[in-house]
Amino acid sequence: MKYSQFPTWGKMLAPVILGSTLFSSPAQAETALLSADQAFPVSVISTSQQQAELSWQIPDNYYLYQHKIEVRQGNQPVLLELPPAKDLYDDNYGHTQVYYQQLRFQIPTQANQSYQVSWQGCAKDRICYPPQSIQFKTDLSGLVQFEAAGPGSKRLLDLNGSSLQHNTL
């Protein structure tokens, strides 16, 4: 009599169980990791000659740190009025506040100035990206000269276009 570790049905199921374990690993079940530009596309538009709106569309399972969002006019920090954020315990910063899905807020602008916007975010339970930043300028009227919304999508604002409402980026 031949010795077997598995009964007959076990011999048939063992390759199926082993195969499904190998091919359903957590690494394969996760979606592809987005680049920082894809995960945190930022948009900057003029809402008036003295104000611009910054916004991020944040994909599922990604978030931005509230305390890492900063805007500078030249070398001076701009006081931000950020919307409420969600509490999160994070391995990098402990108890912190984050934004999911969307972040949108206004900043004051002045004519003929340079601004730098910086932020940092993470892919939930995976990695945190290095800090990201963009720069934009305002024209003599105080309007944003370009939009930053990911690679290759920066464009000049049409200052000769229609009304101020439509001079968004």
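**Briefing on the predicted chain**

The accessible surface of the chain comes to about 11,000 Å², and 52% of this belongs to carbon and sulfur atoms; accessible areas come from the Shrake-Rupley method with a 1.4 Å probe, and for residues only the protein chains shown count as cover. The model is predicted, so local features need pLDDT of at least 70 and side-chain atom pairs count only at pLDDT 80 or more, while totals for chains, interfaces and linings use all residues. Residues are numbered from 1 along each chain as its sequence is written, and side-chain values use heavy atoms, with hydrogens and water left out.

**Overall make-up**

- Of its 169 residues, 36% count as buried, where buried means under 20% relative accessible area, exposed over 50%, and partly exposed in between (1.4 Å probe, protein chains only).
- Among contacts (heavy atoms within 4.5 Å) between residues at least 6 apart in sequence, 58% join residues at least 24 apart.

**The five-strand sheet**

- An open sheet of 5 strands runs in the order E6-E7-E3-E10-E11, with antiparallel pairing.
- Strand E6 (86–90) and strand E11 (127–128) stand at the edges; each has a single partner strand, so one side of each is left without a neighbour in the sheet.
- Strand E3 (residues 62–65) pairs with strand E10 (residues 121–123) in the antiparallel sense over 3 bridges; two strands pair if DSSP finds at least two bridges between them.
- Tyrosine 63 has cysteine 122, in E10, as its bridge partner.

**Surroundings of glutamine 73**

- Glutamine 73 lies in strand E4 (residues 70–73).
- Its side chain forms polar contacts with the side chains of glutamine 110, at 3.1 Å, and glutamine 113, at 3.2 Å.
- A polar contact is a pair of N or O atoms within 3.5 Å; within protein, one must be able to donate a hydrogen and the other to accept it, and residues adjacent in sequence count only if both atoms are side-chain atoms.
- Not counting residues up to four places away in sequence, glutamine 73 touches Val78, Gln110, Gln113, Ser114 and Tyr115.

**Loop residues with positive phi**

- Most residues other than glycine have a negative phi.
- Glutamine 101, although not a glycine, has a positive phi of about 65°; it lies in the loop between strand E7 (94–99) and strand E8 (102–108) and is exposed, with a relative accessible area of 54%.
- Asparagine 112 has a positive phi near 55°; it is found in the loop between E8 and strand E9 (114–119) and counts as exposed at 53% relative accessibility.

Note on methods: Helices (H or I, at least four residues) and strands (E, at least two) are DSSP runs, numbered from the N terminus.
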